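This report concerns a strand pairing and a ligand site. The sequence and structure are shown first.

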Amino acid sequence: MNKEIKISGNPLPNMPWEERPAGSSSVMWRYSANPVIPRDLLPTSNSIFNSAVVPFKEGFAGVFRCDDTNRRMRLHVGFSKDGLKWDINPEMLVFQCDDKEIGEWVYGYDPRVCKIEDKYYVTWCNGYHGPTIGVAWTEDFKTFHQLENAFLPYNRNGVMFPKKIHGNFAMLSRPSDTGHTAFGDIFYSESPDLEFWGRHRHVMSPAPFEVSAWQCMKIGAGPIPIETSEGWLIFHHGVLHSCNGYVYSFGSALLDLEQPWKVIARSGPYLISPQKDYECMGDVPNVAFPCAALHDAHTGRIAVYYGCADTVTGLAFGYIPEIIDFTKKTNIL
Ligand code: BMA
């Protein structure tokens, strides 16, 4: 492990962890007891996937995508002592909102949770005349205050940075169309107040097919970026359009610390692609879709939570310095 890389964040000795299996040389490896969250953890859940977790108090809290047995896409709050066994509230999350029109619930999916100073910000794909980015904050995971949607429809995969950049809140997003979008680049935006967003900058396009096919059709940011001395480490999903449909894998990239729309390096190979039964079989086969990560700044350990086949939630482990080395060594820029 490269000891010179500095990783910001607190020590997190109680995060979920398993060492790399003997004989494996993979940069990231799966939790041996995957899936960590089954589809039917709630009596009313069809599937629980593409969800967000953060350290909270002595343990962990999260906002989970739970599609119910009407197949309505909803968000639920959950808590865990160890990040593995989750207690998810059977009642859906209801946001408080001063503006009736914005606060009217239509659907919500693919949440991210980002801690900035003393608040936890939730961003999610929010139904408002099509998908756009909903934004809310909480301090206690009980009351959630919904703000204005960040962007016009259509947009998805809104991922905030864990600190202000140039004094502004910052977010990655992926402008799209009404659904199952066949294109998509990652963009960067800033806001002084979480209401007005601007200074939009282009970050990354899909890769050329002959260079890195797993990310050649569309891409989107996943977990909250991690600040390191080598740049912001991000994990992004990428999509390949096969003769049998879309295949979702994920890889990594490093963004400039001061100008995060500038990409320093981007992995050619994927880190995780759908290969296990629970990633290849389910409501949407062949999907590995990361939305959150826990990391221990002291040891460099990281645990990525990813949706599997739009049905269950999996965990994959790695060491941040090794992932950074991999990103640089396989850089396709
Ligand atoms: C994307 C989103 C994700 C989903 C993926 C695969 O467009 O809808 O929620 O995991 O498709 O179905």
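The text below describes the strands and then the ligand.

This is a predicted model, in which local features need pLDDT of at least 70 and side-chain atom pairs count only at pLDDT 80 or more, while totals for chains, interfaces and linings use all residues. Residues are numbered from 1 along each chain as its sequence is written, and side-chain values use heavy atoms, with hydrogens and water left out.

Buried means under 20% relative accessible area (1.4 Å probe, protein chains only); strands are DSSP runs of E with at least two residues, numbered from the N terminus. Strand 2 runs antiparallel to strand 3 (residues 59–68), and nine bridges join them; two strands pair if DSSP finds at least two bridges between them. S47 has D67 in strand 3 as its bridge partner. Two residues lie between the strands of this hairpin, where K57 takes a positive phi near 50°.

The residues that surround the ligand include N50, R65, Y109, D110 and Y248, each with a heavy atom within 4 Å of it.

| Residue | Distance to ligand oxygen |
|---|---|
| R65 | 2.8 Å |
| D110 | 2.6 Å |
| Y248 | 3.0 Å |

Taken alone, the ligand exposes 300 Å², of which the protein buries 87% (Shrake-Rupley method, 1.4 Å probe).

Technical notes:
Helix = DSSP H or I, 4+ residues; strand = E, 2+ residues; numbered from the N terminus. Polar contact = N/O pair within 3.5 Å; in protein donor to acceptor, adjacent residues only side chain to side chain.
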